[in-house]
Amino acid sequence: MEWARRLLAGDESAFTPFVESFQNRIFQYTWLMCGQREDAEEVAQDTLLKIFESFDQLEDPERVKAWVFRIAKNYCLMKRRKSVFAPDRELSLDELLPGQEGERPIQVADTAELPEGRVLRQELSEELERAMRALPDTYRSVVLLRDVEDLSTADTAEVLDLTEDTVKQRLHRGRLALRKSLAAYVEKAQ
Amino acid sequence: MTTHQHDKRDPACLEVFAKLSEYVDGELDGVECQEVEEHIADCPPCVEFLQSLKRCVAAERQFQGREECGPVPPELEKRLKSAWQAALARRHHA
């Protein structure tokens with residue numbers, strides 16, 4: 001990432017673009033992982049500070065995104081340890097199987113093809129956010145890094161201290177759970 | 001041509017079903033990819049399911065949260081710059 005490389009070289013003009021490129025992404029991640037806006041803002045600010053405090057430890061600017069989200073993940077974990085939260089649960093593949101959904105074909109709306117596309121995309125986005133919040137943490141963290149932040153399987157595994165196989169399994173189950181939630185939403189909306 | 005039931009009782013669909021995310025992500029090896037493609041070529045319900053999964057993944061990739069954080073407060077920006085400069089100095093002296 002260009003801004004990180006320039007910051008490492010001491011180029012102050014890269015400071016603001018770097019912050020702007022990560023600030024909202026970090027906040028979005030911490031907000032969806034922490035659940036409370038106040039906590040998310042605090043964790044996002046702590047993350048930003050830690051990033052700059054440890055900038056000398058950034059070894060590969062090409063992988064700055066994974067490095068940033070590893071720091072964010074660690075702060076989210078620290079915040080959660082201080083709060084009361086429900087224990088994680090496993091999503092069983094069985095409960096996500098399509099045969100469980102009844103006779104009617106289930107589809108997530110292809111909003112780009114619908115006349116009220118913008119409104120529906122907004123509604124879909126809101127429903128997706130609700131569905132992501134409802135996912136157990138272990139799945140939500142993988143979905144956020146792999147699909148929303150577009151990290152590779154290898155980078156996601158490194159950020160979350162998981163094997164690549166575990167990332168793939170959790171991503172699949174997380175996606176299936178989201179698909180199921182969104183499909184139910186589309187059905188309700190019809 | 002056989003038509004599958006596309007539910008958990010159908011072992012062929014179940015096997016494909018477990019691999020669909022890796023298929024969507026292009027992470028299956030050649031043989032597995034071919035097996036999935038051969039199956040879905042003969043299974044319209046699996047194709048339908050695959051399409052809905054792809055649309056869900058596309059929605060995730062375009063996801064923008066409703067909430068945005070405000071601008072970095074000036075005091076924090078000052079601390080970030082100081083921390084960055086201190087880190088660079090350490091790197092320089094290491």
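Trainee: Which residues is A:Asp155 in contact with, leaving aside its neighbours within four places in sequence?
Mentor: A:Arg63 and A:Ala66, once those sequence neighbours are left out. Keep in mind that this is a predicted model.

Trainee: Where does A:Asp155 sit, and is it buried or exposed?
Mentor: A:Asp155 belongs to helix α7 of chain A. The residue is buried, because its relative accessible area is 14% and the cut-off for buried is under 20%.

Trainee: How do α6(A) and α7(A) cross?
Mentor: At roughly 140 degrees, with the axes coming within 9 Å. That makes α6(A) oblique to α7(A). The crossing is right-handed.

Trainee: Which residues make that contact?
Mentor: From α6(A), A:Ser141, A:Val142, A:Leu145 and A:Arg146. From α7(A), A:Thr153, A:Thr156, A:Val159 and A:Leu160. By class, the contact of α6(A) with α7(A) has four nonpolar residues, three polar and one charged.

Trainee: What lies in the loop between α6 and α7 of chain A?
Mentor: A:Asp150 is in that loop, between α6 (137-148) and α7 (153-160). Its phi is near 60 degrees, a positive value in a residue other than glycine. Most residues other than glycine have a negative phi.

Trainee: Is A:Asp150 buried or exposed?
Mentor: Exposed, because the relative accessibility of A:Asp150 is 56%.

Trainee: Let's zoom out. How many helices and strands are there in chain A?
Mentor: Eight helices and zero strands. Along the sequence the pattern is α-α-α-α-α-α-α-α.

Trainee: How much of chain A is buried?
Mentor: Buried residues are 50% of the 190 residues in chain A. As for contacts in chain A with a separation of 6 or more, 66% of them involve residues 24 or more positions apart.

Trainee: Now α2(A) and α3(A). At what angle do they pack?
Mentor: About 140 degrees, with the axes of helix α2 (residues 15-34) and helix α3 (residues 37-53) 8 Å apart. The two are therefore oblique to each other. α2(A) passes α3(A) in a right-handed crossing.

Trainee: Which residues of α2(A) make the contact?
Mentor: Among them are A:Phe15, A:Phe18, A:Ile26, A:Phe27 and A:Trp31. On the α3(A) side, the residues include A:Val43, A:Leu48, A:Ile51 and A:Phe52. The residues of the contact of α2(A) with α3(A) divide into 13 nonpolar, three polar and three charged.

Trainee: What does A:Phe22 touch, not counting residues up to four places away in sequence?
Mentor: A:Met1, A:Val64, A:Lys65 and A:Val68. A:Phe22 is in helix α2 of chain A, and it is buried, with a relative accessible area of 1%. A:Phe22 and A:Leu48 are 26 residues apart in sequence, and 8.6 Å apart in space, C-alpha to C-alpha.

Trainee: On to chain B. Which way does α5(B) run relative to α3(A), parallel or antiparallel?
Mentor: The angle between α3(A) and helix α5 (residues 74-93) of chain B is about 25 degrees, and the axes are 7 Å apart. That makes α3(A) roughly parallel to α5(B).

Trainee: And which residues make the contact of α3(A) with α5(B)?
Mentor: A:Gln45, A:Leu48, A:Leu49, A:Phe52 and A:Glu53 of α3(A). They meet B:Leu76, B:Arg79, B:Leu80, B:Ala83, B:Trp84, B:Ala87 and B:Arg90 of α5(B). By class, the contact of α3(A) with α5(B) has eight nonpolar residues, one polar and three charged.

Trainee: B:Lys19 next. Is it buried or exposed?
Mentor: B:Lys19 is buried, with a relative accessible area of 15%. B:Lys19 lies in the loop between α1 (11-17) and α2 (20-24) of chain B.

Trainee: What does B:Lys19 touch, not counting residues up to four places away in sequence?
Mentor: A:His172, B:Leu28, B:Glu32, B:Glu35 and B:Val36.

Trainee: Last one. How many residues does α4(B) have?
Mentor: 18, covering residues 44-61 of chain B. From first C-alpha to last, helix α4 of chain B reaches 26 Å, close to the 26 Å expected at 1.5 Å a residue. Its buried residues include B:Phe49, B:Leu53, B:Arg55 and B:Glu60.

How values were computed
Residues numbered from 1 in each chain as written. Chains lettered and ligands numbered in written order. Predicted model: local features only at pLDDT ≥ 70, side-chain atom pairs only at ≥ 80, totals over all residues. Heavy atoms only, no water. Helix = DSSP H or I, 4+ residues; strand = E, 2+ residues; numbered from the N terminus. Expected span 1.5 Å × (residues − 1). Buried < 20%, exposed > 50% of the residue type's maximum accessible area, 1.4 Å probe, protein only. Axes fitted to C-alpha atoms, helices over the stretch in contact; angles between N-to-C directions. Parallel < 35°, antiparallel > 145°, perpendicular 65-115°, else oblique. Left-handed = near helix turned anticlockwise from the far one by under 90°. Contact = heavy atoms within 4.5 Å. Nonpolar A, V, L, I, M, F, W, Y, C, P; charged D, E, K, R; others polar.
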